[in-house]
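Hi,

Here is the structure I promised to pass on. Have a look, and my notes follow below.

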Amino acid sequence: MCKRTYEADNDHDISLSSNIKRFYMASVNRRDFLKNSGLATLPMLVANPVLAAMNTGHQQPAPPATQVIKFMGDGEMFEPTEYLNILQQATIVRDSYGAGGSVEALEKKFAGITGKEKAIYMPSGTMANQLAIAVLSGENSKVFVQETSHVYRDEADAAQAVFQKRLMPLAKDEPFFTAQQLQTAVEALPSEEVFKTGVGAVSIENPVRRSSGRMVPLEELRKISTYCRANNIKLHFDGARIYMAAAWSGVSIKEYASLCDTFYISLYKYFGAAGGAVLCGDKAVIDKMPHLIKVHGGSMYGNWTNAAMVLYRLEGFEDRMKSTVQKANELFDALNKISGITIKALPGGTNTYAFALSPKIEITKLRDALNTNYNIRIGRVNEKNEGFLTVNETLLYQDNNYIINAFKKCIG
Ligand SMILES: Cc1ncc(COP(=O)(O)O)c(C=O)c1O
């Protein structure tokens, strides 16, 4: 177990809430860290050029990522040194093959958050999706999914290749299918196919990555859930980014989770862990997972780095996201008043906003100036000078006036 506290090193924004400050203050003396943690004595780590440089002081530490405002991604992606600094502030208890310690604490935490009987840590979201769908659908081979979903497009045909499931895509290029579309597709099967292989499960991603984070409306989710329950079809939820949906829709994680049988949440997209996922559901389903994880090669000896990071950063996360939404609304109202900039929320969207610049603004100049002079990162635009701005909790690292001023100055 390792728990330390560090002195505040923050003179940037006294208006930040105490939780935000805790992350802001994450920069600690790296030599103390290495000394205190005993890492400096490990030859393996000293052989690592980055850690070796930190240890001998040859390399100036990069500015903490907590100072960089990133209009891209769903959250912080910490550099290794920052990651280690933050872990120094966390309570860490090691696990053994996912049993005990911080991993067990994380599982209990997410069972509570989702209101499900049990939760299990998994090495990846892909594994969480695939194992959940495989177990829920049992002997039945058909699984209905959004055509735009990660399960359908981005999991290397694992459902077909490894789990002998046939994914049935609905609503091509759309963020979601309706309960009516699902019902129509299920009811059409007997007349469209000779062999009755059975519908095992439905999987729903929300929000939808390939639809720029658009959400499935709560009303539609409720109807789908009701239809599935009435027809004995199991429902899996790919909630990799469910915290984004919750922040922008105001619907609680528990409410979303109450609609489905299994519910997966990513541990790295916005909590800052280096990887991992948590799958929540009924005890009978979750208890099947350790064996399946092992069989598929996903049982890893130590998982505490990810679990401890998430447990630490979870504290106050929903409040920080609420502040982020409010700040984004105010910020984009103000940025829209600058000539040549248009920022619009997407219909049914979450943290990704449409961003357009007038043709006279040179995006490369704007991006470079924002990055170099203000530590603000924005993404690319297309040939029409259109792209996206994605907000995340890094928006809280500076006040809005700083960002507005930066855009004004850089547009010139
Ligand atoms: C919606 C969604 N589901 C699942 C995954 C898979 O997560 P992992 O990278 O942990 O396998 C991702 C990853 O990008 C995702 O965006």
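Let me start with E205, which sits in strand 5 (residues 199-205); strands here are DSSP runs of E, at least two residues long, numbered from the N terminus. Bear in mind that this is a predicted model, where local features need pLDDT of at least 70, side-chain atom pairs count only at pLDDT 80 or more, and totals for chains, interfaces and linings use all residues. Numbering runs from 1 along each chain as its sequence is written, and side-chain values use heavy atoms, with hydrogens and water left out.

E205 is buried, at 4% relative accessible area (buried means under 20%, with a 1.4 Å probe and protein chains only). Leaving aside neighbours within four places in sequence, E205 is in contact with Q146, S149, H150, V151, V216 and D238 (heavy atoms within 4.5 Å). A polar atom of the E205 side chain also lies 2.9 Å from the backbone nitrogen of R209.

D238 turns up again at the ligand: G125, T126, D238, R241 and Y268 come nearest among the 14 residues around it (a heavy atom within 4 Å). Helix 7 (residues 125-137) gives the largest share of that shell, 3 residues.

As for polar atoms, a side-chain one of T126 is 2.7 Å from a ligand oxygen. For R241, a side-chain N or O atom is 2.8 Å from an oxygen of the ligand, and a polar side-chain atom of K269 lies 2.8 Å from a ligand oxygen.

Cheers

Notes: A polar contact is a pair of N or O atoms within 3.5 Å; within protein, one must be able to donate a hydrogen and the other to accept it, and residues adjacent in sequence count only if both atoms are side-chain atoms. Helices (H or I, at least four residues) and strands (E, at least two) are DSSP runs, numbered from the N terminus. Buried means under 20% relative accessible area, exposed over 50%, partly exposed in between (1.4 Å probe, protein chains only).
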